Amino acid sequence: MNKKIIIVIIVLLATLSVSGCIKTPMDNINNIIPSLSQNIEIGDANYNEAVTYLNSHNYDLAEEKVQTSSNNFLEAKNKMLEINKYNENINDTLYLQYLNLIEEELNLKENATSNLQLAIQNFKKEIK
């Protein structure tokens, strides 16, 4: 009788995990990654537009685009913080390295965005 109950419980747990009722840490991360990627792509596009505007001496539009870029990178960093909650439960070192590289990339992008903002402010001061 006890063996039958244990078998039924195991089958129920297997069914729940296959049906998606039980999410693994990887499931949670994989749900966040697409929007994280989108924030990075939009941030990159806005950063590049800011540089184009800066090169054409349109400092106001450059400032607007770099701020939008900064906001997108900040959103991406917040998503990385959410992902980091699940890192302890991941045994795949390659995936963890990938996540670390994304985090390093975001730090570099944040630094570049900050430097571009300073450059724009200095150019604006120069023309006044």
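**Ground rules.** I am reading a predicted model, where local features need pLDDT of at least 70, side-chain atom pairs count only at pLDDT 80 or more, and totals for chains, interfaces and linings use all residues. Residues are numbered from 1 along each chain as its sequence is written, and side-chain values use heavy atoms, with hydrogens and water left out.

**Overall layout.** I looked up the secondary structure and found four helices and zero strands in the protein chain. Helices here are DSSP runs of H or I with at least four residues, strands are runs of E with at least two, and both are numbered from the N terminus. Along the sequence the pattern reads α-α-α-α. Of the 128 residues in the protein chain, 26% count as buried. I then checked contacts, meaning heavy atoms within 4.5 Å. Among those between residues at least 6 apart in sequence, 76% join residues at least 24 apart.

**H2 against H3.** At what angle do H2 and H3 pack? Helix H2 (residues 25-55) and helix H3 (residues 59-84) pack at about 160°, and their axes are 8 Å apart. That makes H2 roughly antiparallel to H3. For my own reference, axes are lines fitted to C-alpha atoms, for helices over the stretch in contact, and angles run from 0 to 180 degrees between N-to-C directions. Angles under 35 degrees count as roughly parallel, over 145 as roughly antiparallel, 65 to 115 as roughly perpendicular and the rest as oblique. The contact of H2 with H3 has 18 nonpolar, seven polar and six charged residues. I used these classes: Ala, Val, Leu, Ile, Met, Phe, Trp, Tyr, Cys and Pro are nonpolar, Asp, Glu, Lys and Arg are charged, and the others, Gly among them, are polar.

**H3 itself.** The buried residues of H3 include Tyr-59, Val-66, Phe-73, Met-80 and Ile-83. H2 and helix H4 (93-127) are among what covers the buried residues of H3.

**H2 against H4.** H2 and H4 pack at about 25°, with axes 11 Å apart. The two helices are therefore roughly parallel to each other. By class, their contact has 17 nonpolar, two polar and three charged residues. Which residues meet there? From H2 they include Ile-29, Ile-33 and Leu-36, and from H4 they include Tyr-95, Leu-99 and Ile-102.

**A closer look at Ile-33.** I found Ile-33 in helix H2. It counts as buried because its relative accessibility is 14%. Leaving out residues up to four places away in sequence, Ile-33 touches Ile-83, Tyr-95 and Leu-99. Ile-33 and Leu-99 are 66 residues apart in sequence, yet 9.7 Å apart in space, C-alpha to C-alpha.

**Two loop residues.** Asp-92 sits in the loop between H3 and H4. Its C-alpha is 9.9 Å from that of Met-26, with 66 residues of separation in sequence. His-57 lies in the loop between H2 and H3. Is His-57 buried or exposed? His-57 is exposed, with a relative accessible area of 57%. I also noted that His-57 has a positive phi of about 65° although it is not a glycine. Most residues other than glycine have a negative phi.

Definitions and conventions:
Buried means under 20% relative accessible area, exposed over 50%, partly exposed in between (1.4 Å probe, protein chains only).
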